[in-house]
Amino acid sequence: MGTIDGLPPLREVIRAHELVAKKQLGQNFLLDLNLTAKIARSAGDLTGCDVLEVGPGPGGLTRGLLAEGARRVVAVEKDARALPALAEIAAAYPGRLAVLHGDALELDLAAHLVSPFKIVANLPYNVGTELLIRWLSPPAWPPLWSSLTLMFQKEVAERIVAKPRTEHYGRLALLAQWRCDARIVMTLPPEAFTPAPKVHSAVVQLTALPQPRFPCDFGVLQRITAMAFNQRRKMLRSSLKALGPDIDAKLEAVGIPPTARAEEIGLEQFCALARAIA
Ligand code: SAM
């Protein structure tokens, strides 16, 4: 049976280029091109869009993105062994795939992409959360990207979309939902990957809002949520004590009972508290 793009099946690509998966690079490959095209489609209409892909590996998702019509894909890959396989894809899609060899944590987005672009990636689990936090914390908002379509371990995906009073609610949910719409669009079993990881995975779609959902200073919000969730079972009057002797009054002024715990407080109230403290 032919592939979606006439290029060889990914198993053959991996064999030909001896791309034995390396655990330390978080290499769990997607080999089903129909699945990678489906993930690409969950990023919305890609025609006329530039896309950043982190960690293309043998190129399954890259091929999905190109087959779904992305105008140009910039793919940054740390593992030099994948470069010849990616060069074959670039040759099949002239002028539409630029491959950068390097570490995504050191990539200067503005140097390689024109805003607005989409970011789509099956992220290496070891740097996935760190990359997400960086993309959500640029110096100015709106960011250079318009949406993020990212594969994470399911537990991390649940932390991103979590609501108050639920198990996974915390700083990541607040950071993501303050300036984005965030939802899980797909879940995948371990067997979807080669090699199969131990846990399930999920694709999260984050769409940048034009401005934060509620006004407040980013630094202050970060500081109070760090303090509040570092001791998530403690009462806020106690976990936020270092903010000053009048913390009870400040909490009460924005409608938060000083005896409440961090996990009970929604984004709007945390933003109100950040404004009161600033
Ligand atoms: N996109 C491919 C797929 O879906 O089959 C591979 C995904 S695999 C989970 C993660 C990829 O990220 C690997 O190819 C790995 O070499 C690459 N990688 C790991 N750390 C990286 C980093 N810091 N910067 C760029 N790429 C990285």
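These legends go with close-up views of a predicted model of a protein chain and its ligand.

**View 1. The whole chain, before zooming in.** Start here to get your bearings: the protein chain is built from 12 helices and nine strands. Its radius of gyration is 21 Å, close to the 19 Å that the globule rule gives for 278 residues, so the chain is as compact as a globular protein of that length. Along the principal axes, the C-alpha trace spans about 65 × 35 × 25 Å.

View 2. The ligand sits in the second largest pocket. Around the ligand you'll find 20 residues, and the closest are Leu 30, Gly 55, Glu 77, Asp 103 and Asn 122. Sorted by class, that shell holds eight nonpolar, seven polar and five charged residues. Two of the strands to look for are S1 (29-30) and S3 (72-77), each of which supplies at least two residues of the shell.

**View 3. Backbone atoms facing ligand nitrogens.** Here the view goes in on polar atoms. A backbone N or O atom of Ala 104 is 2.9 Å from a nitrogen atom of the ligand. For Pro 56, a polar backbone atom lies 3.4 Å from a ligand nitrogen. Lys 78 also puts a polar backbone atom 3.4 Å from a nitrogen atom of the ligand. How much of the ligand's accessible area does the protein cover? On its own the ligand has 600 Å² of accessible area, and the protein covers 99% of that.

**View 4. The cis bond at Pro 142.** Next up is a peptide bond worth a look. Trp 141 and Pro 142 are joined by a cis peptide bond, with omega at about 5°. To find the spot, follow the chain out of helix H6 (128-136) toward strand S6 (145-153): Pro 142 is in the loop between them.

**View 5. The cis bond at Pro 195.** Going from Thr 194 to Pro 195, the peptide bond is cis and omega is near -10°. Pro 195 belongs to the loop that runs between strand S8 (193-194) and strand S9 (201-208).

**View 6. A positive phi at Glu 18.** What is phi of Glu 18 near? The value is near 50°, which is positive in a residue other than glycine. Glu 18 sits in the loop between helix H1 (10-16) and S1.

Note on methods
Residues are numbered from 1 along each chain as its sequence is written. This is a predicted model: local features need pLDDT of at least 70, side-chain atom pairs count only at pLDDT 80 or more; totals for chains, interfaces and linings use all residues. Side-chain values use heavy atoms; hydrogens and water are left out. A residue is near a molecule or strand if one of its heavy atoms lies within 4 Å of it. A polar contact is a pair of N or O atoms within 3.5 Å; within protein, one must be able to donate a hydrogen and the other to accept it, and residues adjacent in sequence count only if both atoms are side-chain atoms. Accessible areas come from the Shrake-Rupley method with a 1.4 Å probe; for residues, only the protein chains shown count as cover. On a 1 Å grid over the protein atoms alone, a cavity is a set of points where a 1.4 Å probe fits but cannot get out, and a pocket is an open set with protein on both sides within 12 Å along at least five of seven lines; lining residues have an atom within 4 Å of a point. A molecule sits in a cavity or pocket if more than half of its atoms lie within 2 Å of its grid points. Helices (H or I, at least four residues) and strands (E, at least two) are DSSP runs, numbered from the N terminus. Ala, Val, Leu, Ile, Met, Phe, Trp, Tyr, Cys and Pro count as nonpolar, Asp, Glu, Lys and Arg as charged, and the others, Gly among them, as polar. The radius of gyration is taken over C-alpha atoms; the globule rule is 2.2 Å times the number of residues to the power 0.38.
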